[in-house]
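Hi,

Here is the structure I promised to pass on. Have a look at it first, and then read on for what turned up in it.

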Amino acid sequence: MHTLNEEKVFKDPVHNYIHVQHSTIWRLINTAEFQRLRRIRQLGTSYLTFHGAEHSRFSHSLGVYEITRRIISQFERNGYADWPHSEKLLTLCAALLHDLGHGPFSHSIEEAFEMDHEDWTRRIILGDTEVNAILAEVADDFPAKVASVIAKDYVHPIVVNLVSSPLDADRMDYLLRDAYYTGVNYGTIDIDRILRMLRPYQGRIVVKESGMHAVEDYLMSRYQMYWQVYFHPVTRSSEIILRQIFRRAKELYRDHYAFGFLIDPLPGLFEDKLSVQDYLKLDEALIQTVFSQWTNEKDAVLSELCSRFMHRRLYKYVEVESVDLEMIDQIRRDFKRVGLNPEYDLEVDFPTDLPYDVFRPGDESSQKQILLLDREDRLREISEVSDIVRSISGIHRGKYHLYYPGSKMKDVISSLSDPVSQIFKR
């Protein structure tokens with residue numbers, strides 16, 4: 001590995017400083033593909049709920065790199081035999097580049113166009129890109145190795161563990177960073193304690209048993225962050241509108257609608273024919289420019305949806321304990337009868353989270369489990385030892401939310417059938 005003549009540092013509000021010591025990492029950071037991540041928000045539309053949530057995938061990716069660097073440095077200082085020292089640069093590159101393929105508003109655009117950001121990450125790493133050229137200077141097969149870590153099928157699972165596992169550098173950074181920028185306390189974890197307790201052992205990353213309580217706190221923090229931030233119903237409302245904009249635009253394009261404003265690479269997006277170079281043109285600045293122009297489109301549905309998103313006129317919602325298909329069909333019929341559009345004026349949402357998958361005997365997916373290493377060098381899955389983890393293992397929590405345009409509903413609610421009107425009068 002070629003070290004820099006002088007260490008480079010980034011001042012970071014979460015980790016204080018991010019240290020770059022190797023020229024390959026420094027050059028990767030300065031590629032056009034990695035710099036694009038400055039224009040992709042880490043939390044998608046959450047800035048419409050938590051006004052401080054303007055942080056980017058760029059800062060998160062640097063944070064994941066820094067946590068990974070700290071873990072590896074600890075392994076090296078302690079001389080752990082189970083850590084493959086030759087994989088250091090590979091692990092650092094994979095940590096830095098793990099989110100390279102995220103698109104505008106992240107998961108919302110993935111759902112709308114059935115895309116996978118990890119697939120795009122691999123395509124960028126293996127494509128005709130600045131990132132690929134820098135990785136290939138390390139070795140001809142080095143880009144393929146980094147892509148294999150992203151795909152979670154690399155020959156040494158311990159490398160994958162650091163970048164993608166229930167207790168990985170990715171999750172630790174986004175919990176701390178998202179808590180900081182949203183202004184909540186749920187994601188504050190004792191990361192120093194956790195990092196000190198990590199060990200390379202028998203081909204994977206495990207936790208020294210004395211660090212169990214810090215890991216319990218981490219899992220509880222993740223649980224709270226999902227329900228208080230990531231699944232916040234107002235954020236879900238903005239995500240729903242965003243997905244509807246993409247869905248409506250795709251429908252119109254396929255029906256040969258004459259858009260008043262349409263720029264590359266949107267046609268390729270609608271046709272599922274994006275090249276890597278086209279995909280890299282997609283960022284949130286471009287998408288918001290398009291949405292701003294679409295507020296003036298002749299299609300009333302697209303125009304209204306874009307106005308709602310750009311001016312934060314989000315859908316209202318009501319909570320219900322349960323819904324069935326018969327009830328939804330009745331609501332849709334009522335909406336259509338009173339002049340609402342059931343395809344776009346109603347969305348049924350049921351967020352779920354699995355805070356921790358409890359170990360099941362015979363389950364071969366042990367890489368998805370957190371293993372504790374006791375004083376006798378025995379491994380035990382954490383939910384076998386921790387009452388706290390066991391209590392939240394396998395929990396699916398959430399209520400149904402019915403989202404609708406409140407301004408339209410006001411005028412027609414009295415015309416709805418009685419059972420339906422009672423739902424929306426709450």
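The largest cavity is lined by Asn161, Ser165, Pro166, Leu167, Leu198, Arg204, Ile205, Val206, Val207, Gln369, Ile370 and Leu371. A cavity here is a set of points, on a 1 Å grid over the protein atoms alone, where a 1.4 Å probe fits but cannot get out, and lining residues have an atom within 4 Å of a point. About 80 Å³ of space lies in this largest cavity, where a volume is the space filled by probe spheres set on the points, with grid points joined across faces, edges and corners. Strand S4 (residues 204-208) gives the largest share of the lining, 4 residues. Helices (H or I, at least four residues) and strands (E, at least two) are DSSP runs, numbered from the N terminus. By class, the lining has 8 nonpolar, 3 polar and 1 charged residues; Ala, Val, Leu, Ile, Met, Phe, Trp, Tyr, Cys and Pro count as nonpolar, Asp, Glu, Lys and Arg as charged, and the others, Gly among them, as polar.

Before going further, a word on where this comes from. This is a predicted model, in which local features need pLDDT of at least 70 and side-chain atom pairs count only at pLDDT 80 or more, while totals for chains, interfaces and linings use all residues. Residues are numbered from 1 along each chain as its sequence is written, and side-chain values use heavy atoms, with hydrogens and water left out.

The search of the whole structure finds 2 cavities of 30 Å³ or more. The second largest cavity holds about 40 Å³ of space, and its lining is made by Phe246, Ala249, Leu266, Phe270, Ile287, Val290, Phe291 and Trp294. Two or more of these residues come from each of H13, helix H14 (266-270) and helix H16 (284-294), with H16 giving the most, 4 residues. The lining divides into 8 nonpolar, no polar and no charged residues.

There is a pocket to look at as well. A pocket is an open set of grid points with protein on both sides within 12 Å along at least five of seven lines. The largest pocket has a volume of about 1,000 Å³. Its lining counts 35 residues, and Arg57, His107, His117, Tyr174 and Tyr226 lie nearest its centre. The elements that give two or more residues to that lining are helix H3 (57-78), helix H5 (107-113), helix H6 (117-126), helix H8 (142-150), helix H10 (169-182), helix H12 (212-230) and helix H13 (233-254). By class, there are 9 nonpolar, 13 polar and 13 charged residues in the pocket lining.

Now for the packing. A nonpolar core is a set of buried Ala, Val, Leu, Ile, Met, Phe, Trp, Tyr and Cys residues joined through side-chain atoms within 4.5 Å. The largest such core has 118 residues, and Leu97 and Trp294 have the most contacts inside it. H12 supplies the largest share of this core, 11 residues. Another core lies apart from it, with 18 residues, including Val323 and Leu402.

Thr91 sits in helix H4 (residues 88-97). Is Thr91 buried or exposed? Thr91 counts as buried because its relative accessible area is 0%; buried means under 20%, exposed over 50% and partly exposed in between (1.4 Å probe, protein chains only). Its side chain reaches the backbone oxygen of Glu87 at 2.7 Å. Leaving aside neighbours within four places in sequence, Thr91 is in contact (heavy atoms within 4.5 Å) with Thr68, Ile72, Trp83, Val159, Leu162 and Val163.

Most residues other than glycine have a negative phi, and most peptide bonds are trans. Glu114, which is not a glycine, has a positive phi of about 50°; Glu114 is in the loop between H5 and H6, and it is exposed, with a relative accessible area of 76%. Arg312 is not a glycine either and has a positive phi of about 55°. Arg312 lies in the loop between helix H17 (300-310) and strand S5 (316-320). A cis peptide bond, with omega about 5°, joins Asp264 and Pro265, and Pro265 is in the loop between H13 and H14.

Cheers

Note on methods: A polar contact is a pair of N or O atoms within 3.5 Å; within protein, one must be able to donate a hydrogen and the other to accept it, and residues adjacent in sequence count only if both atoms are side-chain atoms.
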